[in-house]
Amino acid sequence: MCYNAGMKRYFMLLLASLLLIGCSPQEAELTQETPAPPSAQTVELPTATKTPTASPTPSPTPMFSEPDEKGDIVINEGLLEPLTPTTYEVSSDTVILIYHTHAEEAYRQEGDYTYEETEENSYRTLDNEKNVVAVGEALKSTLEELGYTVIHDTTDVEPPELLSAYSRSLIVMESYPEADIFIDLHRNAANVRMKSDDVVMLNGKRCAKMFFVVGTGIGTYEGEYDVAPDWESNYRLALSLTERLREIDSELALDIRTKVGRYNQHVSNMCILLELGHNANTLDDVLNSVPLFAEAFADIIILEDGDGD
């Protein structure tokens, strides 16, 4: 009984061995307890890090626009917001210099107002009784009546070349070291020959309009100017005068013109370039506006009381 059981176990083991020897390796592996393959799923394979796409750094908002063909530029509003109108209190010994970079500029001939032009249709003359020098003399007298100390330099610095006149008017300015406020008085060269009625009527008088020019000194090429003007200070002064003139009449003062040049406004932070009237105005139109400018000037640039009150 025991023999048969032992023999039976022996033959069973032998049979199992033979079966294993006859299996291929793949079949042998299947007999082991291996985990079932995972269910089908998306497998993300690692990829190389991508180089980020290059993008330009945003440029800051420019301070000034590109100049137009006349050299006019637009200043960024963010720079102008702090430049609000104000008043200035100055001592009684403050000296005002009136001068003319373009002293030969004149006005529309009419009636008794005639002159010999330097060249045809130029609206220019050497006669200081008829050109912008006469306006400067009237302004000097009016400001002196208001208590200001005024120098009027009548030097004609246009010759020998009009385009370089500012280099010579700078010499005029620097020859008055006592001067504190500078007024470069001009006549605007507007192409308005037929607009003879481009005036403001006040108290029955034809009054010429006016505006101010502020030089930023950025120039038309890098390094054009060795010293740039304090355009913010000069702009605030021009703005203060403009707003006061508009209180007299809303159309009396046109918008300030800001330009690439410096117009010798680096000499002081109280430089005024005043364009009073244009070539379609008569001299009388302009002279009628002189007291209006002087009134605004006195309201903005206030003389201290001599007794210190």
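**Exercise 1. Find which residues Ser240 touches, leaving out residues up to four places away in sequence.**

Step 1. Take contact to mean heavy atoms within 4.5 Å. Ser240 then touches Pro85, Thr86, Tyr88 and Ile300.

Step 2. Pick out Thr86: 154 residues separate it from Ser240 along the chain, yet their C-alpha atoms are 5.8 Å apart.

Step 3. Look at the polar atoms. The backbone nitrogen of Thr86 lies 2.9 Å from a polar atom of the Ser240 side chain. A polar contact is a pair of N or O atoms within 3.5 Å; within protein, one must be able to donate a hydrogen and the other to accept it, and residues adjacent in sequence count only if both atoms are side-chain atoms.

A word on the model before you go on: it is predicted, with local features needing pLDDT of at least 70 and side-chain atom pairs counting only at pLDDT 80 or more, while totals for chains, interfaces and linings use all residues. Residues are numbered from 1 along each chain as its sequence is written, and side-chain values use heavy atoms, with hydrogens and water left out.

**Exercise 2. Decide whether Ser240 and Thr242 are buried or exposed.**

Step 1. Helices (H or I, at least four residues) and strands (E, at least two) are DSSP runs, numbered from the N terminus.

Step 2. Apply the cut-offs: buried is under 20% relative accessible area, exposed over 50%, and partly exposed in between (1.4 Å probe, protein chains only). Ser240 is buried because its relative accessible area is 1%; Thr242, at 2%, is buried too.

Step 3. List the contacts of Thr242: Phe212, Ala253, Leu254 and Ile256, not counting residues up to four places away in sequence.

**Exercise 3. Work out the strand order of the open sheet and which strands stand at its edges.**

Step 1. Let two strands pair if DSSP finds at least two bridges between them. The seven strands run β1-β9-β8-β10-β5-β3-β4, with mixed pairing.

Step 2. Read off the edges. β1 (72-73) and β4 (149-152) each have a single partner strand, so one side of each is left without a neighbour in the sheet.

Step 3. Move to β5 (residues 181-188) and β10 (residues 271-278), which pair in the parallel sense over six bridges. Asn188 has His278 in β10 as its bridge partner.
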